[in-house]
Amino acid sequence: MTETSIYGKYGAYLPLILQQLKAQIEQSAQDYLAKYGCALYEHLNTRLKTEDSIREKCARKSLPPTPRAALYDIKDAIGIRIVCSFIDDIYAIIARIRALDGVTIVNEKDYIKKAKPNGYRSYHLILALETPYEDVNGSTPGRYFAELQLRTIAMDSWAALEHQMKYKKNISNQALIVAELKRCADELAACDVSMQTIRELIRNS
Ligand code: 0O2
C-alpha cells in the first residue's frame, strides 16, 4: 500500500522552489566573483527533508502529520547548506541573501558568535520565499520556507564527524568524548580565525 505523502499536492512544488532559490544564490555569487575576482563560497549542497525525517520531526514536536505542519509549522523541509573558506565570507553572503528578490529572513541564529555548548558552529537562517505556487493556507502566490545553513570548511568537517559519532550508542567514556569533541571544535574555530587573518595579511601586502 502506498502511503500518501505528508507534503500532499504541495510536494511537487518543493524541488522547483529549491531550484529557484539555489539559482538566485548562485547568480549572486557569480556577480560577486565578476566584481571582486574571488569566490564567495567553496560549495553548496541542497536537500529536501525526506518523508521519514519530516514525519519524525512532526511527531517530536507533537504536530499532526499534515502538509500544514510539514510546510508551515516546520520551516526546514527545504534546506541549503553553503560551505565557505573564511568566516567573513559567511557574513558577506548573508548581506547578499537579504537583497534577494522574493526572499525575506524570518529567523536567524548565529551559532558562530555563540557556539552551541557541544561546540557546534554554523549560521542558520529561515527564509520566507514568495513563489508562484499555491501554499498550505490557500494563497497564490504562496509563501514557502527554507533553512539556509552557512559554515566554514572547518565547521562543516566537525559537524559531519560529530553527526556520525552521535549515532554510536553504548559508549562507556561518553563524557570524555563530548569534552574532546568540544576541544576539537574550539581548536578548529581558532584555526578559522588564523586563516582569515592570514588572508587579510596577504590582501594588504
Ligand atoms: P537535517 O537533516 O540536517 O536538517 P529543530 O530544527 O527544531 O530540530 P532547532 O534547535 O530549532 O531544532 O534547530 P537548529 O538549532 O537551527 O538546528 C537544526 C539543524 O542544524 C539540524 O538539522 C542540523 O543539521 C544542524 N545542527 C544543529 N545542532 C547540531 C549539532 O550539535 N551537531 C550537528 N552535527 N548538527 C547540528 P536536523 O533537523 O538535525 O537535520
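Two rings of Phe, Tyr or Trp (its six-membered ring) pair up here if their centres lie within 6.5 Å; planes under 30 degrees apart are stacked, over 60 edge-to-face, and the rest tilted. That rule gives five aromatic pairs.

Select Tyr13 and Tyr133 to begin: this pair is stacked, at 4.8 Å centre to centre with 10 degrees between the planes. The two sit 120 residues apart, Tyr13 in the segment before α1 (14–36) and Tyr133 in the loop between β4 (123–131) and β5 (142–152). Helices (H or I, at least four residues) and strands (E, at least two) are DSSP runs numbered from the N terminus.

The model is predicted: local features need pLDDT of at least 70, side-chain atom pairs count only at pLDDT 80 or more, and totals for chains, interfaces and linings use all residues. Numbering runs from 1 along each chain as its sequence is written, and side-chain values use heavy atoms, leaving out hydrogens and water.

Buried or exposed? For that, buried is under 20% relative accessible area, exposed over 50%, and partly exposed in between (1.4 Å probe, protein chains only). Tyr13 is partly exposed at 21%, and Tyr133 is partly exposed at 23%.

Next, pick Tyr91 and Tyr123: their centres are 5.7 Å apart and their planes at 90 degrees, so they are edge-to-face. Tyr91 belongs to helix α4 (residues 87–98) and Tyr123 to strand β4, so the pair ties together parts 32 residues apart in sequence. Tyr123 is buried at 8%, while Tyr91 is partly exposed at 25%.
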